[in-house]
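Hi,

Here's the structure I promised to pass along. Have a look at it first, and my notes on what turned up follow below.

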Amino acid sequence: MKNLAHSLLPRHLARLLENTSEADLPDQTSRAIAPAPFVMQGSVGAPIVLASPHSGQFYPEAFVQNSRQPLSVLRSGEDSHIHLLAEQAHALGPALLYATFPRVFCDVNRSAWDLDTRMFHGPIPAFVHPTERGLAGLGSIPRIVGNRKPIYRHRLPFMEAALRIRHYWMPYHATLADMLDKTRAEHGTCLLLDLHSMPDVPEAASPDFVLGDAHGTTCHPDIISTAEQTLQSLGFRTTRNQPYAGGYITRHYGRPLQNLHALQIEMRRSLYMDEETHICHAGFAPLSNALATLTKKLLKLFPASHGL
């Protein structure tokens, strides 16, 4: 599985990208000062891996300048501070992986070539296979922000998307896949907790947590039941799979029959921060404590580290 990311790069495109330097990235004039695309903390000390694919806050200057929207709108889908919320859980032993780039720039919770073909000029390669969500503008290189506002002033060259996939999407997934493989090899099993935040969801009675296992397909039922019971015992309102059942990461890596489990956890943003300013408030520490308590409970499901 660890070669997943590189296997998604068509051979002819790989040859073309090999001849393209990082300085050729169309929207990365400030790439010299850009952070690495992800941060990996810890190793295989526990059978759980924590991941935050959407909390990145490095917005390339040229990307912001070329956008129709101000930075405040571009940040509207950002899962701000989720990797910081996970620090206490990480201290219990699980590794922690998080992206440093924002989802509005490159969304690793979509398949690599799930792209809205209308946002590019010129020919579109045959390996691009947009889903319904991708065609709606929410693919791996989004066309719109969550409130359906267009991001770009003009259509993009397809090579710009290919370079973002190569330099951001693929390194994140190569690292995640490798860590999951190593954790399963070390402990006999592995649980990925894919961490996200969400706005209030009135149609679902604004739960505090939404637990997603793609309707019972991505993890052992004891995992989501334990998560649900733990969070409810702490006083939180939870729902399962509504309105978020799990994105590409959860569905792709969750393979319970192979002792690889994945659970998506959505946390209500107003529990820990002001959604307009992205500034954390007094609710941050209690939510971080709750996430650590949840992780501790889930670790107890793997006492012998031989799977469920």
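One cut-off before the rest: a residue counts as buried when its relative accessible area is under 20%, as exposed when that value is over 50%, and as partly exposed in between. Please also keep in mind that this is a predicted model.

With that cut-off, take Ala214, which is found in the loop between strand 7 (209-212) and helix 9 (221-233). Ala214 has a relative accessibility of 6%, so it counts as buried. For context, most residues other than glycine have a negative phi, and most peptide bonds are trans.

Asn241 is buried because its relative accessible area is 7%. Pro243 sits in the loop between strand 8 and helix 10 as well, and the peptide bond from Gln242 to Pro243 is cis, with omega near 5°. If you plan to set up any calculations, those are the backbone spots I'd look at.

Now the overall picture. The protein has 11 helices and 9 strands. Of its 308 residues, 56% count as buried. The protein exposes about 13,000 Å², with carbon and sulfur atoms supplying 53% of that area. Among contacts between residues at least 6 apart in sequence, 81% join residues at least 24 apart.

Seven strands form an open sheet in the order 1-3-2-6-9-7-8, and the pairing is mixed. Strand 1 (38-41) and strand 8 (238-240) are the edge strands, each pairing on one side only. On average, neighbouring strands of this sheet are turned by 20° against each other, direction ignored. Within the sheet, strand 6 (residues 190-198) and strand 9 (residues 260-268) pair in the parallel sense over 9 bridges. If you want a pair to click on, the bridge partner of Leu195 in strand 9 is Ile265.

Helix 8 (residues 158-187) lies across strand 1, strand 2 (48-52), strand 3 (95-99), strand 6 and strand 9. Relative to strand 2, helix 8 runs at about 165°.

What is the volume of the largest pocket? The value is about 970 Å³. Of the 42 residues that line this pocket, the closest to its centre are Gly77, Arg103, Arg133, Tyr244 and Arg269. The elements that give two or more residues to the lining are helix 4 (71-74), strand 6, helix 10 (248-253) and strand 9. Strand 6 gives the most, with 3 residues.

Last item: Thr277, in the loop between strand 9 and helix 11 (284-299). Is Thr277 buried, partly exposed or exposed? Its relative accessibility is 43%, so Thr277 counts as partly exposed. Thr277 and Arg75 are 202 residues apart in sequence, and their C-alpha atoms are 10.0 Å apart in space.

Cheers

How values were computed. Residues are numbered from 1 along each chain as its sequence is written. This is a predicted model: local features need pLDDT of at least 70, side-chain atom pairs count only at pLDDT 80 or more; totals for chains, interfaces and linings use all residues. Side-chain values use heavy atoms; hydrogens and water are left out. Helices (H or I, at least four residues) and strands (E, at least two) are DSSP runs, numbered from the N terminus. Buried means under 20% relative accessible area, exposed over 50%, partly exposed in between (1.4 Å probe, protein chains only). Contact means heavy atoms within 4.5 Å. Accessible areas come from the Shrake-Rupley method with a 1.4 Å probe; for residues, only the protein chains shown count as cover. Two strands pair if DSSP finds at least two bridges between them. Axes are lines fitted to C-alpha atoms, for helices over the stretch in contact, and angles run from 0 to 180 degrees between N-to-C directions. On a 1 Å grid over the protein atoms alone, a cavity is a set of points where a 1.4 Å probe fits but cannot get out, and a pocket is an open set with protein on both sides within 12 Å along at least five of seven lines; lining residues have an atom within 4 Å of a point. Grid points are joined across faces, edges and corners, and a volume is the space filled by probe spheres set on the points.
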